[in-house]
Amino acid sequence: MSLVLQTSEGFVLCHPNYLRRLYSSTRTESVLVKLEPHHHLFDVNTPYMRDAAARKKARGDTVSGSQCSKGLKRKFTEISIEKQTDLQIDRIKNTLYRLVKGAQHLDYFTFIPSASDIMNNNKDARMLSENLYKETDDCIQAPFNGENNTDEALLKRLGLQTFVFPPRCRFYCRDVGEMKDYVEPLGQFDLILLDPPWWNKYIRRKKAKCRQDGYNMMYNHTLGELPLNMLLAPGGIIAVWCTNSTNHLEELKNKLFPAWGTEQIAQWAWLKVTKSGEPVCPFSDPPGKQPFEQLIFGVRPEEANVLSRPEDGKVFLSVPSAIHSHKPPVSEMLQTYLPPEPRCLEIFARYLLPNWTSWGLEVIKLQHSSLFREEALIAGDSASQAT
């Protein structure tokens, strides 16, 4: 549902297509409806830049990379072969070119932004993100648990808000510190995916200015206390979303994975691109802001070579959601490395996946109905869904 292209180097994913398929038949209290992602949710038409720089570019004026980036102004230099991080950037750039070309042969990444798109500077997507936080701030109070144990997606009201629930999902709206008390009822999982709120000075400043713009961050040592060694099934995989911070990457490899009884085996890059396949911001000299994040894999040392494992160095592209930290679904991309019907757990989850267990204080935040457009299913549509 999400895979557009798969090669030996990586993948191209389409998050909106995944959502369209998943919620193509959704049951409300009385009827079946079709849910479409909000038309601005993935409306990333051009690289993000300052509004003044966007106006210049729309007029045809020259805009430097430093003007486009919201990060610190740094002079871009040629890729250095001396540093591992620079080599990774070089490899990601080359893979980007080949994956985009391959996807364009499949009629994907063919969008050409107009002058008005450049001038707009993804404003519609940015406003959607702001409105979501205003509408959902403190709308659901932890702790509570829930599940959809049916084979249908459900659109249901919780309190004053409406949320959509995928089939066969289970969720815990609780602090991760409580997980140690739920090890037995949770069971063991073939894949444990984490999206930790890494300690970040930028997010700390945003949260100080406006509470809903930030999120609760964690110190790294707290992550090591999660009972993942007990939750990981034999032969299972831990996958961790990580920033490009050298400190976080080293901490993950040298302290967190060992604390969970595992070792790092592979490092992938999620490259965020526009609808044209262009990076959402310029590549920078490390430690500057990059258009990619990392997905790091770990397994138990004694199981590293027993089963099919993620190969190191893959790159996957997708147009990112307008919502901060709304990661693309990885289920299809990882199915080669998992059993036929895997048990999967996401920790620090902010949205739900079918047949997954999800845990986090904002576990249903991105299931909010404001992120979808509801359409009635005609009789023919309902019949086709049933066959």
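A disulfide is a pair of cysteine sulfur atoms within 2.5 Å, and by this rule the count here comes to zero. What you're looking at is a predicted model, so local features need pLDDT of at least 70 and side-chain atom pairs count only at pLDDT 80 or more, while totals for chains, interfaces and linings use all residues. Residues are numbered from 1 along each chain as its sequence is written, and side-chain values use heavy atoms, with hydrogens and water left out.

**The chain as a whole**

- The chain holds 13 helices and 16 strands; these are DSSP runs numbered from the N terminus, with helices being H or I of at least four residues and strands being E of at least two.
- Of its 387 residues, 51% count as buried (buried means under 20% relative accessible area, exposed over 50%, partly exposed in between, using a 1.4 Å probe and protein chains only).
- Take the contacts (heavy atoms within 4.5 Å) with a separation of 6 or more: 73% of them join residues 24 or more positions apart.
- Back to the cysteines for a moment: cysteine 169 counts as buried because its relative accessibility is 3%, and cysteine 281 is buried too, with a relative accessible area of 7%.

**The nonpolar cores**

- Here's a handy background idea: in soluble globular proteins, nonpolar side chains tend to be buried together.
- A nonpolar core here is a set of buried Ala, Val, Leu, Ile, Met, Phe, Trp, Tyr and Cys residues joined through side-chain atoms within 4.5 Å.
- The largest such core has 63 residues, and the members that touch the most others are Phe109, Trp268, Leu271, Leu295, Phe316 and Leu317.
- Helix H4 (residues 84-104) gives this core its largest share, six residues.
- There's also a second, separate core of 28 residues, with Tyr182, Leu231, Leu249 and Ile296 among them.

**Two residues with positive phi**

- Phenylalanine 109 isn't a glycine, yet its phi is positive, at about 60 degrees.
- You'll find phenylalanine 109 in the loop between H4 and helix H5 (115-120), and it counts as buried because its relative accessible area is 4%.
- Asparagine 121 is another non-glycine residue with a positive phi, near 55 degrees.
- Asparagine 121 sits in the loop between H5 and helix H6 (123-136), and it is buried, with a relative accessible area of 1%.

- Leucine 186 belongs to helix H7 (residues 183-186) and counts as buried at 1% relative accessibility.
- Along the chain, leucine 186 and leucine 231 are 45 residues apart, but their C-alpha atoms are separated by 7.7 Å.
- Not counting residues up to four places away in sequence, leucine 186 touches Arg170, Tyr172, Met179, Leu231, Arg343, Thr357 and Trp359.
- Proline 16 is part of helix H1 (residues 15-22), and its 13% relative accessibility is why it counts as buried.
- Proline 16 and serine 321 are 305 residues apart in sequence, yet 8.7 Å apart in space, C-alpha to C-alpha.
- Setting aside residues up to four places away in sequence, proline 16 touches Pro37 and Phe42.

**Cavities and a pocket**

- Picture a 1 Å grid over the protein atoms alone: a cavity is a set of points where a 1.4 Å probe fits but cannot get out, a pocket is an open set with protein on both sides within 12 Å along at least five of seven lines, and lining residues have an atom within 4 Å of a point.
- Grid points are joined across faces, edges and corners, and a volume is the space filled by probe spheres set on the points.
- Leu193, Trp241, Lys327, Pro328, Pro329, Val330, Glu346, Tyr351 and Leu353 line the largest cavity.
- That lining splits into seven nonpolar, no polar and two charged residues (Ala, Val, Leu, Ile, Met, Phe, Trp, Tyr, Cys and Pro count as nonpolar, Asp, Glu, Lys and Arg as charged, and the others, Gly among them, as polar).
- The second largest pocket takes up about 480 Å³, and of its 19 lining residues, Ser331, Pro342, Pro354, Asn355 and Trp356 lie nearest its centre.
- Helix H12 (331-334) and strand S15 (356-359) each supply at least two residues of this pocket's lining.
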